[in-house]
Amino acid sequence: MFQYHCLNPIAGVGLDLFSQDYKKTDDINQAQAVLVRSASMHDMELSKELCAVARAGAGVNNIPLEKCAEQGIVVFNTPGANANGVKELVFAGMLLASRDITGGIHWVQENKDNENISKDVEKAKKAFAGCEISGKKLGVLGLGAIGVKVANAATHLGMEVYGYDPFISVNAAWSLSRNVKHISNVEDIYRECDYITIHVPLLEDTKKMLNKEAFAQMKDGVVVLNFARDLLVDEVAILDAIKEGKVKKYVSDFPNSATAGKEGCILIPHLGASTEESEDNCAVMAVQEVKDFLENGNIRNSVNYPNCDMGICSSAGRVAILHKNVKGIIGKYTAVMADNNINISDMTNKSRGNYAYSLLDIDSPVTEVAIEQLKKIDSVLKIRVVK
Ligand SMILES: NC(=O)c1ccc[n+]([C@@H]2O[C@H](COP(=O)([O-])OP(=O)(O)OC[C@H]3O[C@@H](n4cnc5c(N)ncnc54)[C@H](O)[C@@H]3O)[C@@H](O)[C@H]2O)c1
Ligand SMILES: O=C(O)CC[C@@H](O)C(=O)O
């Protein structure tokens, strides 16, 4: 029996995939798996029971990835599962920045008791007029699951699209419309574009990626959209850029005390992935990843351990070893198996940075003695008897 704990509400269509072998627990310390959306896990104690954390979403800046890796806890996310939800809201943001739709809606609300409202709108509406996005230049920073969808859709709306991603994946490159101009120098985007939208992960080296120097190079009246994370933008610098008329609007899905209520900011309460479809997709993918890991030892879409797939075990047993990526360790655990007269029929070892993962299929059930010996090997972080 496995236990899982949800730190945020996770869509039922995902949780329903857990069989009778799983129980939901309110006590995180009992859980082998944690499902999370945006709750911060940075200050949490991680129990020895915990094997997997699944982020039902893309961004993992709320999870201590290194601390988890060090404790042999595999962290998963759900790449692309909410990308369409975010893409659609980016276009809503672009339109809100281009035409004063919210101002117009407020006007109607304020004039709801005016008997002549249908006539007066024709006089009032000029205060809320704007511009179209067709024919304008859009710069997309980060061409991953969301960036590619935004870039491609923008070409269909008549925008001239510039895309920048020095680390673009082969899959993303295949999915990108050939009408998107590939930009290798981000400054070309700053100089040329009327709208700039950022879709990169929040990492140490992307923090404040849009800063004073970046804004200084942008066109006057540029619209900046941030549906990725607030700290990607230097908010002091963007508020100055708004005051100077450099930035016309800052549309962000991440309001905070620096930006809330500030002139020129259009702020949405982190609604990018808050659609039925995105929540369902993320929950389903997260639960499938957790189940495949707990039941078969397979790792798919991890952000701190290598991916590894040996399918469903057809041997007598399967042992999973999470360890540091160091020389000579494979020899040590194969020696333990040999000493205990256990034959390894199949095995995989994969590494990712400082961490590695081994799956061993064995011809007879692993013994307590062998497990204890494996645990004592230096650089082994966690052992799981999968079968
Ligand atoms: N508003 C929301 O609700 C919401 C929903 C999903 C994701 N997000 C945020 O959006 C981010 C992107 O999501 P995604 O699903 O597209 O992720 P993704 O991993 O598919 O794509 C991120 C892309 O950014 C690129 N990148 C990394 N560093 C870069 C840099 N310095 N310059 C340019 N490109 C760089 C990567 O190569 C990758 O292609 C997430 O990390 C998350 O923070 C927000
Ligand atoms: O879970 C959410 O609502 C937001 C998810 C989003 O920020 C993400 O990074 O995937």
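Visitor: How many Å separate the centres of domain 1 and domain 2?

Guide: In this predicted model, the centres of domain 1 and domain 2, taken over C-alpha atoms, are separated by 32 Å.

Visitor: And how many residues are in contact across those two domains?

Guide: On one side there are 8 residues of domain 1, which are in contact with 7 residues of domain 2; by class, the side of domain 1 that touches domain 2 has 2 nonpolar, 5 polar and 1 charged residues.

Visitor: Where do the domains run in the chain?

Guide: The domain assignment gives domain 1 as 1-82 + 276-305, domain 2 as 83-267 and domain 3 as 310-387, within a chain that has 13 helices and 16 strands.

Visitor: Switching to the core, which residues have the most contacts inside the largest nonpolar one?

Guide: Those are Ala33, Leu35, Ala52 and Ala286, in a core of 108 residues, and the element that gives the most to this core is helix 11 (residues 276-296), with 9 residues.

Visitor: What does Ala52 touch, leaving out residues up to four places away in sequence?

Guide: Ala52 touches Gln32, Ala33, Ile73, Val74 and Phe76, and also Val290, Phe293 and Leu294.

Visitor: What percentage of the residues count as buried?

Guide: Of the 387 residues of the chain, 40% count as buried.

Visitor: Now ligand 2: which residues surround it?

Guide: Ligand 2 is surrounded by Arg37, Ser38, Gly57, Ala58, Gly59, Asn82, Ala273 and Ser274, a shell that divides into 2 nonpolar, 5 polar and 1 charged.

Terms used: Residues are numbered from 1 along each chain as its sequence is written. Chains are lettered from A and ligands numbered from 1 in the order in which they are written. This is a predicted model: local features need pLDDT of at least 70, side-chain atom pairs count only at pLDDT 80 or more; totals for chains, interfaces and linings use all residues. A nonpolar core is a set of buried Ala, Val, Leu, Ile, Met, Phe, Trp, Tyr and Cys residues joined through C-beta atoms within 7 Å. A residue is buried if 20 or more other C-beta atoms lie within 10 Å of its own, exposed if 12 or fewer, and partly exposed in between; C-beta atoms are placed from the backbone. Helices (H or I, at least four residues) and strands (E, at least two) are DSSP runs, numbered from the N terminus. A residue is near a molecule or strand if its C-beta atom, placed from the backbone, lies within 6 Å of it. Ala, Val, Leu, Ile, Met, Phe, Trp, Tyr, Cys and Pro count as nonpolar, Asp, Glu, Lys and Arg as charged, and the others, Gly among them, as polar. Domain bounds come from an automatic or database domain assignment.
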